[in-house]
Amino acid sequence: MNTLSTATSITSEDTILLVGHGSREAAGNTEILDFVAQWRARRPQWRIEVCFIEFASPSLHDGLLSAAQSGRRVLVLPLILNAAGHVKMEIPEAIEHARAHCPGSQILLAPHLTACDPILAILKRRLRQAMLGLDMPDPRSTGVIVLGRGSSDRGANGDMAKMARWLLEEGDHELVDLAFTGITWPRLERVVQRQVLLGMGQIVVLPYYLYTGTLMERIHRQVQHLRGQYPQLRLACSTHFGFEPEIFELLEQRALDLLAGTPDSRLPCDGCSYREIAHDLGHGHSHEHTHAPVHVHAHVPEHATPAANTEQAQQAQPA
């Protein structure tokens, strides 16, 4: 993605609101603020603000209200890799609140970063760097583990599985697996054990994280423990994505696509009736909590009865 669409321009009346997750670890929030500073330097003519879903200020609600009060149009860009409850439930609910309080401002919500070629390019570059650090061993005997946060939302986990498959398709490694640090399975130590049993002499762990935080610190501790458990194994671990150019370019294209009305440029769950049904059934997500319930964005036909709609929404929730 080297060029930006110029069909519609971002003006001084527009506010770009970047929504970060937020971390208990101050360094993770500082990295997002540094990212915003670099982005402002890249696009000095754009008004770029930031808010956080949890653990940091300004909050999502405060950031939305401030942006809506200061500009005619707000472009909300989630700085999040996978769409689970925060993206599908919490951000759209906060936007509805801001729209009700600032009816004179147009608020548009873009999709999260998603599984896409620019993110794949980052993973491939991280893998190449790790292989160089291992003195370029045979990829056929070097396992790869894409390690993510994990979610109760199957779509979010499926996006990670897609990225792992793409990485396998475009490389020479015979074994590219998926692992998670929480919520779902398998966990890192189990996947390392399997790959060792399958004869891998080296393993590269690729954290699927944007910024540092308590989980990234935990990952590096786990990798160190695994080195002690498997002294015969060469184990490399890359870093989180951070300030890669693809992230800036993705967000810039998201903003311009919103203004141009490009197909699929708006998050489907913004105004989704099935999110509203889930909320009415008590499955909403508060920003005071860490983990989100499952929200499966599957629409039933328009002629379905309200009872059928409610039943489908209930079936979409975890047991």
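## Getting oriented

A residue is called buried when its relative accessible area is under 20%, exposed when that area is over 50%, and partly exposed in between, using a 1.4 Å probe and protein chains only. By that rule, both Tyr208 and Phe241 are buried.

Before going on, please note that this is a predicted model, in which local features need pLDDT of at least 70, side-chain atom pairs count only at pLDDT 80 or more, and totals for chains, interfaces and linings use all residues. Residues are numbered from 1 along each chain as its sequence is written, and side-chain values use heavy atoms, with hydrogens and water left out.

## Aromatic pairs

How many aromatic pairs does a search of the whole structure find? There are seven. Rings of Phe, Tyr and Trp (its six-membered ring) pair if their centres lie within 6.5 Å; planes under 30 degrees apart are stacked, those over 60 are edge-to-face, and the rest are tilted. Helices (H or I, at least four residues) and strands (E, at least two) are DSSP runs, numbered from the N terminus.

Tyr211 and Phe243 also pair edge-to-face, with centres 6.2 Å apart and planes at 65 degrees. Tyr211 belongs to the loop between strand 7 and helix 7, and Phe243 to the loop between strand 8 and helix 8, so this pair ties together parts that are 32 residues apart in sequence. Tyr211 is buried, with a relative accessible area of 8%, whereas Phe243 is partly exposed at 31%. These two residues belong to one aromatic cluster, together with Phe35, Trp39, Trp46 and Phe248.

## Charges over rings

A charge counts as over a ring if NZ of Lys or CZ of Arg is within 6 Å of the ring centre and within 35 degrees of the ring normal. Arg43 lies over the face of Trp46, at 5.4 Å from the ring centre. Likewise, Arg187 places its charged end over the ring of Trp185, 3.8 Å from the centre.

## Cysteines

How many disulfides does the structure hold? It holds zero, where a disulfide means a pair of cysteine sulfur atoms within 2.5 Å. Cys51 is buried, with a relative accessible area of 0%, and Cys102 is buried at 7%.

## Backbone details

Most residues other than glycine have a negative phi, and most peptide bonds are trans. Here, a cis peptide bond joins Ser57 and Pro58, with omega about -5 degrees. Pro58 is in the loop between strand 2 (48-52) and helix 2 (60-70). The bond from Trp185 to Pro186 is cis too, with omega near 0 degrees, and Pro186 is found in the loop between strand 6 (176-180) and helix 6 (188-197).

Asp135 has a positive phi near 65 degrees. Asp135 lies in the loop between helix 4 (117-133) and strand 5 (142-148), and is exposed with a relative accessible area of 63%.
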